[in-house]
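Trainee: I am new to this structure and would like to go through it step by step. Please show it first.
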Amino acid sequence: MDAASHEEWPVQRLARVSHVSAAHFARSFKEAFGVPPHRYLLTRRIERATVLLRDTDLPILDIALQTGWNSLGTFGRTFRDITGESPSELRAREQVAPHAREQVPGCYLSAAHRPDLTIAVSEKRRQDAGGKNAAEPTGSIETKEIT
């Protein structure tokens with residue numbers, strides 16, 4: 001998935017490559033990496049897009065297509081939901097700010113800029129919009145004390 005994050009990686013394909021069932025693969029993957037396979041792949045795509053936005057002058061549409069999105073709109077919305085800024089805002093900020101990246105090992109840079117996808121993007125979108133967390137109860141339950 002890391003080497004070809006621009007490709008589609010449904011759980012069935014990953015399980016087939018790993019020679020296990022889809023359910024076993026998804027469960028084992030989440031145990032090993034702390035996030036489901038889809039979020040892991042999404043993290044890698046956002047990381048790659050961030051590097052391309054920062055270090056190249058490629059059009060944003062080309063970056064979206066190279067990192068696995070089929071739509072500029074979906075890429076832009078997902079990128080903003082995860083990073084908090086649009087691809088063009090990130091590019092403008094990164095290109096204006098002076099960097100001393102040459103002195104910092106690449107693995108540290110990757111870790112520092114890795115998106116935090118411990119919750120689903122749709123849940124993050126609801127939280128940012130001021131909605132309730134899906135894990136919170138929607139109503140109150142009255143309890144009676146038994147004597």
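Trainee: Is Ala4 buried or exposed?
Mentor: This is a predicted model, in which local features need pLDDT of at least 70, side-chain atom pairs count only at pLDDT 80 or more, and totals for chains, interfaces and linings use all residues. Residues are numbered from 1 along each chain as its sequence is written, and side-chain values use heavy atoms, with hydrogens and water left out. Buried means under 20% relative accessible area, exposed over 50% and partly exposed in between, with a 1.4 Å probe and protein chains only. Ala4 has 13% relative accessibility, so Ala4 is buried.

Trainee: How far apart are the C-alpha atoms of Ala4 and Gly68?
Mentor: Ala4 lies in the segment before H1. Along the chain, Ala4 and Gly68 are 64 residues apart, yet their C-alpha atoms are separated by 9.2 Å.

Trainee: Which residues does Ser5 touch, not counting residues up to four places away in sequence?
Mentor: Ser5 also lies in the segment before H1, and its relative accessibility of 10% means that it counts as buried. Its C-alpha is 9.6 Å from that of Tyr40, 35 residues apart in sequence. Contact means heavy atoms within 4.5 Å. With that exclusion, Ser5 touches Leu41, Arg44, Arg45 and Thr67.

Trainee: How many helices and strands does the protein have?
Mentor: Helices (H or I, at least four residues) and strands (E, at least two) are DSSP runs, numbered from the N terminus. Along the sequence the pattern reads α-α-α-α-α-α-α-α. The count is eight helices and zero strands.

Trainee: What share of the residues is buried?
Mentor: The protein has 147 residues. Of these, the buried ones make up 31%.

Trainee: Is His19 buried or exposed?
Mentor: His19 is placed in the loop between helix H1 (11-18) and helix H2 (22-33). Its phi is near 65 degrees, a positive value in a residue other than glycine. With 71% relative accessibility, His19 counts as exposed.

Trainee: Are H1 and H2 roughly parallel or roughly perpendicular?
Mentor: Axes are lines fitted to C-alpha atoms, for helices over the stretch in contact, and angles run from 0 to 180 degrees between N-to-C directions. Angles under 35 degrees count as roughly parallel, over 145 as roughly antiparallel, 65 to 115 as roughly perpendicular and the rest as oblique. H1 and H2 pack at about 95 degrees, with axes 8 Å apart. H1 is therefore, relative to H2, roughly perpendicular.

Trainee: How many nonpolar, polar and charged residues are in the contact of H1 with H2?
Mentor: Val11, Leu14, Ala15 and Ser18 of H1 meet Ala22, Phe25 and Ala26 of H2. Ala, Val, Leu, Ile, Met, Phe, Trp, Tyr, Cys and Pro count as nonpolar, Asp, Glu, Lys and Arg as charged, and the others, Gly among them, as polar. The contact of H1 with H2 has six nonpolar, one polar and no charged residues.

Trainee: How many nonpolar, polar and charged residues are in the contact of H5 with H6?
Mentor: Helix H5 (residues 72-83) and helix H6 (residues 87-96) pack at about 60 degrees, with their axes 9 Å apart, so the two are oblique to each other. Phe75, Gly76, Phe79 and Arg80 of H5 make the contact with Pro87, Glu89 and Leu90 of H6. By class, the residues are four nonpolar, one polar and two charged.

Trainee: How is the pair of Phe75 and Phe79 described, and what makes it stacked or tilted?
Mentor: The whole structure holds six aromatic pairs, where rings of Phe, Tyr and Trp (its six-membered ring) pair if their centres lie within 6.5 Å, and planes under 30 degrees apart count as stacked, over 60 as edge-to-face and the rest as tilted. The rings of Phe75 and Phe79 have centres 5.6 Å apart and planes at 50 degrees, so the pair is tilted.

Trainee: What is the relative accessible area of Phe79?
Mentor: Phe75 and Phe79 are four residues apart in helix H5, and so about one helical turn separates them. Phe75 counts as buried at 0% relative accessibility. Phe79 is buried too, and its relative accessible area is 0%.

Trainee: Over the ring of which residue does the charged end of Arg13 sit?
Mentor: A charge sits over a ring if NZ of Lys or CZ of Arg is within 6 Å of the ring centre and within 35 degrees of the ring normal. For Arg13 the charged end is 3.7 Å from the ring centre, and the ring belongs to Trp9.
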